[in-house]
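Please work through each task before reading its solution.

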Amino acid sequence: MSSEANVAKAGLEGIVAAQSSISDVNGIEGRLIYAGYDIHDLAEHATFEEVIYLLWHCKLPSRSELDQLKNQLSAETGLPKEIQQLIRSIPKTANPMDALRTVVSALSFYDPDGADMSREANVRKAIRLTAKFPTIVTTFQRLRNGLEPVQPRADLSIAGNFLYTLRGEAADEVATRTMDVAFILHADHELNASTFAARVTAATLSDMYSAIVSAIGTLKGPLHGGANEGVIKNLLEIGSVEGVEGWVKNAFERKQKIMGFGHRVYRTVDPRATHLKEMSRQLGQRTGETKWYEMSRKMEEVVMAEKRLNANVDFYSASTYYALGIPTDLFTPIFACSRISGWTAHVLEQFENNRLIRPRAEYVGPRDLKYVAISQR
Ligand code: COA
């Protein structure tokens, strides 16, 4: 392809690649809406289960619709025994995102809806995946620590069950609500890289599981969901508020990217970071360990002064999860436990009005070369 109009746009920046009714990011005003509702409104008033319904159906559920969804989710939290065995066989040293990716891929063998591609079957697959993600993550976490998995409880929310099956005891209201709000904030974000990957896979009319496996692999990268783990690694390495400024300046001098800052779309504060920052502050006060929040604030201040970069969703989620006592390499899987709701919503939307996603490349290699026999190369 050699027409001038076909010059590559690095990173597809600014390219509108799909129509969607699920969520919208306004990068100039720093606004995020899910199906019409402002993220601040949802973070303050909704539950994650209501948000899941909103993303899948583009409307808030009635009481009976919500109860039905909760029952359906609760009935699907368990894992087939073959999958439990599979998780036992994964090396304890495996990266939890790799474990999640492998297990989700294998789960497709046991989905009772098999290759059924009807909307109803795909909604059921979305329910199963969303319900099972936290169980997979916490089962792997417990087994690698020599503990037996804990079965999710029917009376707990997704957030409540995540903490319960992780720790083996029910979490208090503050921890559960913190987790619930974190899940709401991470649930969807328009055509972010992992959602785009899911839609590209779905657009070939491949199945829901294949699309979600693509998404998990994409979320893992440090420029995307992997950034939250990178944030806490940096904070642990720095170790004190006093060390922050020098560390940041040094990183910039070495042209190193600082995890948790910058965004492709936001040119102002990421609205999700506002809530996570406050939750990080409150949890720090509650546990009496304010250091990680204070260090984060200092880092935010220095990065802004030096490079005018805003903190993104991954920045304060790191100190929030750390204050909840969650192992650092589960930070990105937690992101996945929330984003599975958005991924599945986008796959359902893609199937509704599908067209193969197949862009072009701007060829920059040589042309008109003549084959040379191997003996003469
Ligand atoms: N630390 C240091 N510099 C950064 C930076 C960061 N976190 N984010 C952006 N920049 C700088 C780049 O070095 C570049 O500077 P230059 O023009 O002098 O070369 C400029 O800002 C533009 O960055 P670029 O990487 O081209 O922007 P992008 O839109 O392609 O990337 C991100 C967006 C999110 C991938 C990028 O900001 C980043 O790598 N952030 C850290 C990882 C992260 O937190 N990811 C989670 C996103 S929610």
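**Exercise 1.** How far does a polar side-chain atom of Lys 257 lie from an oxygen atom of the ligand?

*Solution.* The model is predicted, so distances are computed from its coordinates. Step 1: the separation between the polar side-chain atom of Lys 257 and the ligand oxygen is 2.4 Å.

**Exercise 2.** Describe the surroundings of the ligand.

*Solution.* Step 1: the ligand is surrounded by 17 residues, and the closest include Ile 258 and Phe 261. Step 2: for Gly 260, a polar backbone atom lies 2.8 Å from an oxygen atom of the ligand. Step 3: for Arg 264, an N or O atom of the side chain is 2.7 Å from a ligand oxygen atom. Step 4: the ligand alone exposes 850 Å², of which the protein buries 63%. Step 5: the largest pocket is the space that the ligand takes.

**Exercise 3.** How many disulfides does the structure hold, and is Cys 337 buried or exposed?

*Solution.* Step 1: a disulfide covalently joins the sulfur atoms of two cysteines. Step 2: the structure holds 0 disulfides. Step 3: Cys 337 has a relative accessible area of 0% and is therefore buried. Step 4: Cys 58 is partly exposed, because its relative accessible area is 34%.

**Exercise 4.** Where is Lys 9 found?

*Solution.* Step 1: Lys 9 belongs to the segment preceding strand E1 (23–26). Step 2: its relative accessible area of 46% makes Lys 9 partly exposed.

Methods
Residues are numbered from 1 along each chain as its sequence is written. This is a predicted model: local features need pLDDT of at least 70, side-chain atom pairs count only at pLDDT 80 or more; totals for chains, interfaces and linings use all residues. Side-chain values use heavy atoms; hydrogens and water are left out. Helices (H or I, at least four residues) and strands (E, at least two) are DSSP runs, numbered from the N terminus. Buried means under 20% relative accessible area, exposed over 50%, partly exposed in between (1.4 Å probe, protein chains only). A disulfide is a pair of cysteine sulfur atoms within 2.5 Å. A residue is near a molecule or strand if one of its heavy atoms lies within 4 Å of it. A polar contact is a pair of N or O atoms within 3.5 Å; within protein, one must be able to donate a hydrogen and the other to accept it, and residues adjacent in sequence count only if both atoms are side-chain atoms. Accessible areas come from the Shrake-Rupley method with a 1.4 Å probe; for residues, only the protein chains shown count as cover. On a 1 Å grid over the protein atoms alone, a cavity is a set of points where a 1.4 Å probe fits but cannot get out, and a pocket is an open set with protein on both sides within 12 Å along at least five of seven lines; lining residues have an atom within 4 Å of a point. A molecule sits in a cavity or pocket if more than half of its atoms lie within 2 Å of its grid points.
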